[in-house]
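Morning, everyone. I have one structure to walk through today, and I will keep it brisk. Please bring it up on the screen.

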Amino acid sequence: MTSELIAPPSTTLVDDRPADGLFRVDRAALVDEGVLARERRAIFDKCWLYVGHVSEVPNPGDFRARTVAGRPLVLWRGGDGEVRVFLNACRHRGAQLCRVPEGNARGMSCFYHAWTYANDGRLTALPDVDGYGPDFDRSRFSLNSPPRVEEYRGFVFCCFDPDAVSLPEYLGEARDYLDLVADQSPDMEVVDGVHEYSMEANWKLFVENSLDGYHLIPLHRTYFDYLKSTEDSYLDPRKATEAKDLGNGHAVITVEGPWARPVARWTPAMGEENREYVEGQRARLEEEFGADRARRIATTDRNLLIFPNLVINDIMGIVVRTITPTAAGRTLVAQWTMATKGEPESVRARRLDSYVTFQGPGGLATPDDMEACESCQEGFAVAAESPWSDISRGIHKEATDGPFVASDEVQQRAFWRRWRDLLGTV
């Protein structure tokens, strides 16, 4: 395994030759700790990263502790109603200020020396302030924030590069797909609770998997057999799907599955008691957005990647998932689920049951995905003899700009090309 100082350049790790029908990735990109060190500098220190959703801190004083790109942060709504992101480190000696995952507080006091901060970040008190002399200025010691913090449709992002482009410019064409989530209701919310789990595999494998329409039927056969018995339907692999490169490394795949979508696609498995509500939601969407956009919101399933590591699975439930490396062969995953605020309890119960059954860490799909990624990582032990992973499915269509289906891998190539270009800067 190579060291950081001699980690291979990104241009040699990605072999991209559309004219030859070839796109492959050197597996060193998935096992080399030196590559990960470069990713931290070129990607996680430079790109916009997801922190949380404003609905998670609905009231003044509400806070959530998060770790983003290895940095401890606090998402905190101030007494003035503004949602801010602070570095979770006391300005005095750097001890973590917030030591619980969530709560409500007008202020927080550091356990080490009792420096105390208001929920707008101001330093409000400290013991024996006279010891600092008459010219001590508390305003110089407010909590620090990441250099850039912005919100889009309730999704809060930060960036550790002060010179980064604005969040809307960074999101680009991906904004439309975030809108399809946000437009499902005038008031979307993240449901309380979080699933956190780890995987003994490289983080990029799970990003690939999250956009991979090729594995759906073979890998998740158990789920679809279950679905046939509960939904009286089956996902027809011949049914139209779509994959898109959205620019900046972002990508999406879409499909219309057989399962219920609580937003506005009723099936008998949802129960007759929920039919009127769900069909009423569909009518509301058509009135507000028109028939075509209402169909996209209500009936189209999508997996969206916001480069580098935010995946939103808007399927039978909405999963907001971050994929974070801790080593070249180890990944931490955190995921939340979103819902329509105020929906009937029976609809919420169906939504959560569908989410846990398929997308939860103990469900019928996620363990399959994790096992597949970990099996790949184990297989990379022969990387010296078999060094390349092929990602060229559908590449012949790039000459005519598609259209692409979900199994064509244009979406994974979008990720890897952006990865290659950014890594080439360090």
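**The cavity and its lining**

Gln184, Arg261, Pro262, Val263, Asp314, Ile315, Met316, Gly317, Ile318 and Arg351 line the largest cavity. A word on the source: this is a predicted model, where local features need pLDDT of at least 70, side-chain atom pairs count only at pLDDT 80 or more, and totals for chains, interfaces and linings use all residues. Residues are numbered from 1 along each chain as its sequence is written, and side-chain values use heavy atoms, with hydrogens and water left out.

Now the terms. On a 1 Å grid over the protein atoms alone, a cavity is a set of points where a 1.4 Å probe fits but cannot get out; a pocket is an open set with protein on both sides within 12 Å along at least five of seven lines; lining residues have an atom within 4 Å of a point. Grid points join across faces, edges and corners, and a volume is the space filled by probe spheres set on the points.

How many cavities of 30 Å³ or more does a search of the whole structure find? One. The largest cavity holds about 40 Å³ of space. Its lining has five nonpolar, two polar and three charged residues. The classes: Ala, Val, Leu, Ile, Met, Phe, Trp, Tyr, Cys and Pro are nonpolar; Asp, Glu, Lys and Arg are charged; the others, Gly among them, are polar.

Take arginine 261 from that lining. Arginine 261 sits in the loop between strand S16 (250–255) and helix H8 (275–289). Helices (H or I, at least four residues) and strands (E, at least two) are DSSP runs, numbered from the N terminus. Is arginine 261 buried or exposed? Buried, at a relative accessible area of 0%. Buried means under 20%, exposed over 50%, partly exposed in between, with a 1.4 Å probe and protein chains only.

What does its side chain meet? A polar contact of 3.4 Å joins it to the side chain of aspartate 301. A polar atom of the arginine 261 side chain also lies 2.9 Å from the backbone oxygen of aspartate 314. A polar contact is a pair of N or O atoms within 3.5 Å; within protein, one must be able to donate a hydrogen and the other to accept it, and residues adjacent in sequence count only if both atoms are side-chain atoms.

**The largest pocket**

The largest pocket contains about 680 Å³ of space. Its lining runs to 35 residues, with Ala65, Arg66, Thr67, Glu196 and Ala334 nearest the centre. Strand S4 (62–68) is one of the elements giving two or more residues. S4 supplies the largest share, five residues. By class, that lining has 19 nonpolar, nine polar and seven charged residues.

Most residues other than glycine have a negative phi, and most peptide bonds are trans. Now the exceptions. Alanine 69 has a positive phi of about 55°, and is found in the loop between S4 and S5. Glutamate 409 has a positive phi near 70°. Glutamate 409 is buried too, with a relative accessible area of 10%.

Two prolines follow cis bonds. From phenylalanine 307 to proline 308, omega is near 10°. From glycine 402 to proline 403, omega is near 5°. Proline 308 lies in the loop between strand S17 (301–306) and strand S18 (310–314).
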